[in-house]
Amino acid sequence: MGHKNETSRVTRIWNALSYKIGSTVARYPVLTIVLCLTLSAIMSIKLSLTEKVSAIDGYASDDSMSRHEFKTFQQFLDSDGPGITMAILVRSKKTNGSLLEEKRLKEVVKVSDFISTSFKMNVSGTEKNFNQFCRGFCQANEPVRQYYNGLQILGKNHTDGISKRIDLSYPTSNFFGRKFSLIPNFFGISMSSDGQHLNSSNLIVLYFRAERYPDWTTKSVKQWELRVRDHFAKEYSSDLIIVDVMSQTVVESEIVRAGLSLQPFLIVGFVIMSIFCTITTMFSAVYLYSQKATFNKVALSIIACVTPFMACGTAMGTLFFCGVTFSPIMCITPFLVLAISVDDSFLMLHAWNRLESWRSSPLDKPMREHMMGEVLVETGPAITISALTNMLAFTIGAITSPPEIRVFCYGNAAAIFMDMFYQATFYTACMTLLADTKNVDGVSEKTKRIQEKMSQVVGRFLKWYVSAISNIFVSTGIVLIWVIFIGFAVLGLTRLHVELRPSKFFLKDSPMLYMDNLRTNEVVPYYTPVHIIVNHPGDLTNDSNVERLFELKQKLEHMPNAIGAPSTKFFLDDFVQYRTSFAEEIEMDVEEDDSTSEKSDLEQFLEWPEFSFWRGFLRFDNQSHPQNVTKFMFTTGFHGQDLKDWNKRGLLLKSWRGAVEEFQEDFNTTVFSEDAFFLDMIDSIPTVTWQTTLATFIFVSLVCFLFISDILTVIIVSIATLVTSVGVFGYLSLLGVTLDPVIMSIAIMCIGFSVDIPAHVAFHFYAAKAKKPSSSQPSTHQVSDITSQSTSTTSSASSSISTPNSFETNLTFALASVGFPVIQAGVSTDFCALPLGFMELYMAKMFALSLTLCVSLSLIHGLIIIPALLSVQHHILHAVKRCFSKGN
């Protein structure tokens, strides 16, 4: 009479729900399709209209020190957000040409003037250029201008008097009594024979920094910087110099461009998947299930590849409606969902074909509704396990990951959910209308012979394979080889280390690659600045307090890798000297003119032209008439060839923080470095990665247990999942791959992907094991009695092979049910990832390599390792039972 089902309660409930969904959708297929297409279209429009942006700070964790330091720095600038921060890298067009030659240096000064006067921003309703809206840091490029002026004057008048007043020494020059450091602006230098003057420089860096005004928006600031970039990239032309623009906005725009460059490859992936799906679906239907080759099969194969794009459009559009921002890494999501969705479609088509091959009653509308319900009964739990584990992996990843990867995880989880929804509704409705029936009439004798031959070959191979892997010696040998595989994977994991390179996010033709290389090799080793914010400087008339502040400065100047005093900008150096030198004059001025008595020493100090630039480094209790300094900033520089390494820079950042920690109670000091967002990831990435992986593994195992209540089977699936993930990263490490934000996001992805195929195989093995057989094949009653089957949806008895309950037959059932579909799924996923491997983009290559490795290992585990482990388990349990039975 059927089967007494011993599946888990969750599985029985889910089967009943699956049957209800399948039969209901099959009753109203056209309405379902229209509603799904409408929803997808609305959300996809929102997706297309959403601004494509990126955020460099998005890869730093929410509780990282760099976030607190950045917030403190913004508060110091009295800014609601970042203002203009841009570096202009100028190099000679002639190889090894020196920028100190007068004609080239003149062109550099012209570039500085052009940027300062030609690009305007709206400030309180008035269009102003940089010179007009700049407040505190307008003189950052004065060393370049003064050096050029000094060269011109000395070239025309090199008398002793002029030479004494103009000294263009390195690192500190003097121009008519005004000292300025050349360290921040001149790089790639060579010194003259006396070791005190510059002989040449192949790189000059110009800085443009402006605090944000209240009526500025982040978008307007970014547009200003991009206008500068676009001018020098597209319009500027010079025979003397090359000008590159570097800013956070430019970096983000290049990351977005890299992400969007994946979109054309989606078309390639779609075409490849459609062709593969069509060929394999047609082959299995015609030669395994005696069906005709029809256009309907082609249509269903293409729709299987369209469904994931609908899911992605709907999911991402919904997220953007909810206020989630775009992230370039989300451009990978369609590839992932395409791979998952096609797997599910294969299972559904395979289930339909198997059910159809057993049908004996006419395929009228009620029967079609019943069969679609049974298709979801058979495939629903496996599809759900796959979807839930992937969703769970990405949800946990979202909780523990930094913002940019969090957005990626949200997008993937939402897209996988929508894909599961569309598989159960949209694709089921399409199958209701298009799924073919068995039809042996009109099939040629040649085709029939091939069908019979294929059936015999497949049957013999499956029997041989199950028999071989059921042999204790074969299965034990496989397990031993597997253990060796694990050993090498663990070895690889021990060698996995963090390596951060921003260039990993750019296309090969991106100018950022050259600029990053230039910065890493020519700027960072010679001048790496640190900004120290003194939030509570105290009474600056108190000598002991001032001495303590000088101790802070000197501590930093005497640290390893410190350049020292020539690179330091510390306003107290000038202010103390000013008060000492001009104290008597100030007192005399006060007696002669009482009006000056209203001005503080600080206000008078800042009115001097050579000291006015300090306003950008100071904050006062009265901005109109500066009285007391409430906070101030100073900078100092560090150098060393080892700073090319991000890990060394990370250690340097820690040493800065350690140095100012000693003065925290006195002055509430804070460090700020523009690289801190990246540098903080060096420590956070390994911790976040292993914690996320462990948490995901535990919860994924719990999901499997809900549907597979056999604890030993769940343990085997969990171990296979863990080993697949360990294998991916262990062997990637052996191939030279290092840990970074991209690899961290891949780690989350792999946990979800690695459970798919093992879960399908294990679930169907468990489903066969859980059944109490009554006959060897489905009876006519089981297939044709719709009323009875509609109410008995707690199992797929009418759609499954009923066989004697033994290990070999259970494994045969599992492999016969999902063997071909999972091979289709694994190979198709590899084909899906293939286009990414041809992109000149690190992110794309890593996803292609990792996805291919993950799916291939998952396929091996599902079809070879898990059957071998189940075989070993079966033999061990059988041996234990025999021992107990003998003992009794």
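An open sheet of 4 strands runs in the order S8-S9-S2-S10, with antiparallel pairing; two strands count as paired if DSSP finds at least two bridges between them. Its edge strands are S8 (186-191) and S10 (241-247), each pairing on one side only. On average, neighbouring strands of this sheet are turned by 20 degrees against each other, direction ignored. The model is predicted: local features need pLDDT of at least 70, side-chain atom pairs count only at pLDDT 80 or more, and totals for chains, interfaces and linings use all residues. Residues are numbered from 1 along each chain as its sequence is written, and side-chain values use heavy atoms, with hydrogens and water left out.

**The sheet and its helices**

- Helices (H or I, at least four residues) and strands (E, at least two) are DSSP runs, numbered from the N terminus.
- Strand S2 (residues 84-92) is joined to S10 by 7 bridges, and the two run antiparallel.
- Ala 87 stands opposite Met 246 in S10.
- Helix H9 (residues 248-260) lies across S2 and S10, at about 85 degrees to S10.
- Helix H17 (residues 511-523) also packs on the sheet, touching S2, S8, S9 and S10. The direction of H17 makes about 90 degrees with that of S10.
- Axes are lines fitted to C-alpha atoms, for helices over the stretch in contact, and angles run from 0 to 180 degrees between N-to-C directions.

**Leu 206 in strand S9**

- Leu 206 is found in strand S9 (residues 198-210).
- Leu 206 counts as buried because its relative accessibility is 0%. Buried means under 20% relative accessible area, exposed over 50%, and partly exposed in between (1.4 Å probe, protein chains only).
- Leu 206 and Val 108 are 98 residues apart in sequence, but 8.9 Å apart in space, C-alpha to C-alpha.
- Not counting residues up to four places away in sequence, Leu 206 touches several residues, including Met 86, Ala 87, Ile 88, Val 108 and Val 144. Contact means heavy atoms within 4.5 Å.

**Strand S11 and its partners**

- Of the 7 residues of strand S11 (residues 528-534), 6 are buried, so S11 is largely enclosed by the rest of the structure.
- S11 is joined to strand S13 (residues 629-638) by 7 bridges, running antiparallel. Here Val 534 stands opposite Phe 632.
- S11 is also joined to strand S14 (residues 669-672), by 4 bridges and again antiparallel. Here Ile 532 stands opposite Val 671.

**Nonpolar cores**

- A nonpolar core is a set of buried Ala, Val, Leu, Ile, Met, Phe, Trp, Tyr and Cys residues joined through side-chain atoms within 4.5 Å.
- The largest core has 244 residues, and Ile 88 and Phe 571 touch the most other members.
- Helix H30 gives this core its largest share, 18 residues.
- Leaving aside neighbours within four places in sequence, Phe 571 is in contact with Leu 540, Leu 602, Phe 605, Trp 614, Leu 618, Val 629 and Phe 632.
- Another core, of 16 residues, lies apart from it; among its members are Ile 385, Cys 704, Val 717 and Val 755.

- Ser 858 lies in helix H30 (residues 842-887). Ser 858 is buried, with a relative accessible area of 1%.
- Beyond four places in sequence, Ser 858 touches Thr 724, Phe 753, Ser 754, Ile 757 and Pro 758.
- Helix H3 (residues 65-76) has 12 residues, which should span 16 Å at 1.5 Å a residue. That expected span is 1.5 Å times one less than the number of residues. The end C-alpha atoms of H3 are 17 Å apart, which agrees.
- In H3, the buried residues include Ser 66, Glu 69 and Phe 73.
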